[in-house]
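Biologist: I would like to learn how to read the features of a model like this one. Could we go through it together, a feature at a time?

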Amino acid sequence: MQIDYFSKKNEKGFDRPNEDFIFIKENLFILCDGVSRDRTNGIYETPSKARIVSELFANSVYEFSKEKDFDENFLKDAFIYGNQKIKKYNDINYHGNFLPGTVCVAVILVNNKLFFSYIGDCLGIIKDKEIITFTSCQTLKIREYSSIINKDIIRNDICNNISHPLSYGVLDGRIGAVPFIKRGKIDIENKDFTVILGSDGIEEIINNLDYKDFDTISAKNLVNRKTSSIDDKSVIIIRS
């Protein structure tokens with residue numbers, strides 16, 4: 001396989017770090033997008049807890065992979081394990097009502113099969129015999145109302161509340177995240193295929209890719225394409 005990846009810091013202000021995190025080890029590929037925090041007295045927290053829990057989660061998934069036998073539920077179980085690790089971190093290191101969290105997409109390639117799991121609004125696409133988007137953006141509904149609903153209500157009453165019509169998932173240690181963890185499997189039919197994982201900052205770029213781009217574009221060139229998003233932008237490209 002040919003692996004290419006790139007991450008670019010947001011344009012939201014010089015003090016906000018890149019809270020995306022890319023993890024690649026053996027046949028495991030993880031892309032996390034830390035949920036942006038609020039500034040305190042005009043200053044963004046340093047170090048970023050969103051970045052910390054993103055790294056903690058990705059490393060926890062890999063740690064889980066060394067202890068458990070692989071099956072079709074493996075990645076979802078690993079996400080649950082990683083969410084528990086985030087809870088332990090937040091219980092010790094955070095006091096407040098907006099828990100540090102992350103969203104994520106992860107894949108494992110095994111025996112001509114792609115196993116995936118995701119939560120939130122990260123992107124996962126494969127070009128095999130056809131182009132298939134195997135993730136579904138969980139924040140589409142809340143985006144429509146985010147400007148008119150109080151942020152505390154969104155974070156504490158809507159996020160990770162599967163019974164709410166605008167709900168979406170975030171790995172922040174709460175048990176309510178579990179129903180939002182999705183998993184699946186895709187049989188890879190061609191010897192030549194491309195998988196793209198991305199944070200939501202490149203959603204507009206991904207949606208405008210030409211068919212040939214899947215075979216040729218580099219991760220850096222993809223991330224640097226023009227877009228209206230000023231968020232962090234990260235991508236992993238896997239080709240065979």
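Modeller: Gladly! Let us begin with a term: contact means heavy atoms within 4.5 Å. Keep in mind as we go that this is a predicted model.

Biologist: Is D232 buried or exposed?

Modeller: Buried means under 20% relative accessible area, and D232 counts as buried because its relative accessibility is 0%.

Biologist: What does the side chain of D232 do with backbone nitrogens?

Modeller: A polar atom of that side chain lies 2.7 Å from the backbone nitrogen of N10. The backbone nitrogen of E19 lies 2.9 Å from a polar atom of the D232 side chain.

Biologist: And how should I read charged pairs?

Modeller: The general idea is that side chains of opposite charge can pair when their charged atoms come close. In this model the count comes to 19 salt bridges. One of them joins R16 to D232, with the closest N and O atoms 3.2 Å apart. This pair links distant parts of the chain, 216 residues apart: R16 is in the loop between β1 and β2, and D232 is in the loop between α7 and β10. R16 counts as buried too, at 4% relative accessibility.

Biologist: Which residues are linked with R16 and D232 in a network of salt bridges?

Modeller: The network links R16, E19, D231 and D232.

Biologist: Could you show me another salt bridge?

Modeller: Take R155 and D38, where the closest N and O atoms are 2.6 Å apart. R155 is buried, with a relative accessible area of 14%, whereas D38 is partly exposed at 34%.

Biologist: What about D213: which residues does D213 touch, not counting those up to four places away in sequence?

Modeller: D213 touches R225 and R239 on that count. With R225, D213 forms a salt bridge whose closest N and O atoms are 3.2 Å apart. D213 lies in helix α6 and R225 in the loop between α7 and β10, so the pair ties together parts that are twelve residues apart in sequence. D213 is buried, with a relative accessible area of 5%, while R225 counts as partly exposed at 33%. The side chain of D213 also reaches the backbone nitrogen of D210, at 2.8 Å.

Biologist: Now the cysteines. How many disulfides does the structure hold?

Modeller: In general, a disulfide is a covalent bond between the sulfur atoms of two cysteines. This structure holds zero disulfides. C159 is in no disulfide, the nearest cysteine sulfur being that of C137, 13 Å away.

Biologist: What should I look at in the backbone?

Modeller: Look at the peptide bonds and the phi angles. A cis peptide bond joins T46 and P47, with omega about 0°, and P47 is in the loop between β3 (28-34) and α1 (49-65). E26 has a positive phi of about 60° although it is not a glycine; E26 is exposed, with a relative accessible area of 55%. N160, also not a glycine, has a positive phi near 65°, but N160 counts as buried at 8% relative accessibility.

Biologist: Finally, which residues form a nonpolar patch on the surface?

Modeller: M1, I3 and Y5 do, with about 330 Å² of accessible area together. Of these, I3 is found in strand β1 (residues 2-8) and is partly exposed, with a relative accessible area of 36%.

Technical notes
Residues are numbered from 1 along each chain as its sequence is written. This is a predicted model: local features need pLDDT of at least 70, side-chain atom pairs count only at pLDDT 80 or more; totals for chains, interfaces and linings use all residues. Side-chain values use heavy atoms; hydrogens and water are left out. A disulfide is a pair of cysteine sulfur atoms within 2.5 Å. Buried means under 20% relative accessible area, exposed over 50%, partly exposed in between (1.4 Å probe, protein chains only). A polar contact is a pair of N or O atoms within 3.5 Å; within protein, one must be able to donate a hydrogen and the other to accept it, and residues adjacent in sequence count only if both atoms are side-chain atoms. Patches are made of residues with over 30% relative accessible area and no salt bridge: like charges are joined within 9 Å, nonpolar side chains (Val, Leu, Ile, Met, Phe, Trp, Tyr) within 5 Å. Accessible areas come from the Shrake-Rupley method with a 1.4 Å probe; for residues, only the protein chains shown count as cover. A salt bridge is a side-chain nitrogen of Lys or Arg within 4 Å of a carboxyl oxygen of Asp or Glu. Helices (H or I, at least four residues) and strands (E, at least two) are DSSP runs, numbered from the N terminus.
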